[in-house]
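My entries follow in the order I made them.

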Amino acid sequence: MNGSNFWDERYAAQQHVYGTEPNDFLRTSHSAIPAGPVLSLGEGEGRNAVFLATKGHEVTAVDSSSVGLRKAAALAAQRGVSLTTVHADLQHYHLGEARWSGIVSVFVPLPSDLRRSVYRRAVRALAPGGAFVLESYTPAQIGNGTGGGKDPDTMVTANVLRLELDGLTFEYLEELERDVFEGVFHIGRSAVVQLIARKP
């Protein structure tokens with residue numbers, strides 16, 4: 001995973017480099033998340049957290065980039081909603097126990113060792129009935145050159161998600177190719193996996 005300096009530099013641009021509108025999959029699947037607090041992992045510049053806040057959720061956005069989180073707070077203020085921003089490395093961030101109605105992970109490129117740890121903690125951190133909503137690149141994305149970097153270890157497949165999110169009930173899980181247009185770094189045909197899973 002790229003360090004916070006990489007993300008600080010990426011987010012230093014005046015514009016939101018991944019745009020200000022939510023991820024398309026989150027836009028169509030957010031209703032799977034029950035009322036209550038939501039945690040957005042690797043939130044960056046705030047587009048997804050702000051969207052969820054406009055839907056009435058109390059949202060905590062965690063990211064390793066303080067630059068991205070400042071932009072997230074500014075976007076929230078612009079949209080007339082509030083966010084809790086947490087500057088933290090997911091390796092050390094305590095997600096809590098049975099705390100969240102929803103946990104969201106949108107294009108968060110975690111190396112596999114850290115991803116397994118975060119996902120184990122996410123399963124514990126969801127409240128009963130809570131939903132995990134995810135979109136990630138699959139290793140098939142590498143040849144596309146439309147976003148996601150070049151390291152297959154930071155990408156994930158449906159089969160891996162079934163293993164690493166053990167303890168959740170899978171309501172929707174699909175690998176597909178779709179056109180992604182999110183800012184200047186996610187542009188074009190992309191190989192992704194999408195997930196909605198729920199804590200029993």
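**Entry: a charge without a partner.** I started with glutamate 43, which is buried yet has no salt bridge. The nearest side chain of opposite charge, arginine 47, is 6.1 Å away. My cut-off for buried is under 20% relative accessible area; exposed is over 50%, and partly exposed is in between (1.4 Å probe, protein chains only). A salt bridge needs a side-chain nitrogen of Lys or Arg within 4 Å of a carboxyl oxygen of Asp or Glu. For charge, Lys and Arg count as positive and Asp and Glu as negative, while His and the chain ends are not counted.

I placed glutamate 43 in the loop between strand E1 (38–41) and helix H3 (47–54). Helices (H or I, at least four residues) and strands (E, at least two) are DSSP runs, numbered from the N terminus. I then listed contacts, meaning heavy atoms within 4.5 Å. Leaving aside neighbours within four places in sequence, glutamate 43 is in contact with Asn48, Ala49, Ala61, Val62 and Asp63.

**Entry: ground rules.** This is a predicted model, so I noted that local features need pLDDT of at least 70, side-chain atom pairs count only at pLDDT 80 or more, and totals for chains, interfaces and linings use all residues. Residues are numbered from 1 along each chain as its sequence is written, and side-chain values use heavy atoms, with hydrogens and water left out.

**Entry: salt bridges.** How many salt bridges does the rule give? The count comes to 13. I looked up some of them.

Glutamate 45 and lysine 71 meet through their side chains at 2.7 Å, N to O. Glutamate 45 lies in the loop between E1 and H3 and lysine 71 in helix H4 (residues 66–79), so this pair ties together parts 26 residues apart in sequence. Glutamate 45 is buried, at 4% relative accessible area. Lysine 71 is buried too, at 11%.

Next I took arginine 124, which forms a salt bridge with glutamate 97; their closest N and O atoms are 3.7 Å apart. This pair also links distant parts of the chain: arginine 124 is in helix H5, and glutamate 97 is in the loop between E3 and E4, 27 residues apart. Arginine 124 is partly exposed, with a relative accessible area of 41%.

Aspartate 113 and arginine 116 form a salt bridge at 2.4 Å, N to O. Both lie in helix H5, 3 residues apart, about one turn of the helix. Aspartate 113 is exposed at 59%, and arginine 116 is partly exposed at 31%. I also found a network: salt bridges that share partners join Asp24, Arg47, Glu135, Arg178 and Glu182.

Entry: Most residues other than glycine have a negative phi. Alanine 98 has a positive phi of about 45°. Alanine 98 sits in the loop between strand E3 (84–87) and strand E4 (100–106) and is partly exposed, at 46% relative accessible area.

Phenylalanine 107 has a positive phi of about 50°. I found phenylalanine 107 in the loop between E4 and helix H5 (112–125). Buried or exposed? At 12% relative accessibility, phenylalanine 107 counts as buried.

**Entry: the largest pocket.** About 770 Å³ of space lies in the largest pocket. Of the 43 residues that line this pocket, the closest to its centre are Trp7, Tyr18, Phe107, Val108 and Pro109. The pocket search ran on a 1 Å grid over the protein atoms alone: a pocket is an open set of points where a 1.4 Å probe fits, with protein on both sides within 12 Å along at least five of seven lines, and lining residues have an atom within 4 Å of a point. Grid points are joined across faces, edges and corners, and the volume is the space filled by probe spheres set on them.

Which elements each supply at least two lining residues? They are helix H1 (4–10), E1, H3, strand E2 (59–63), E4 and strand E5 (126–137). By class, I read 19 nonpolar, 16 polar and 8 charged residues in the lining. Ala, Val, Leu, Ile, Met, Phe, Trp, Tyr, Cys and Pro count as nonpolar, Asp, Glu, Lys and Arg as charged, and the others, Gly among them, as polar.

**Entry: proline 139.** Proline 139 lies in the loop between E5 and helix H6 (158–164). Not counting residues up to four places away in sequence, proline 139 touches Pro152, Met155, Val156 and Thr157.
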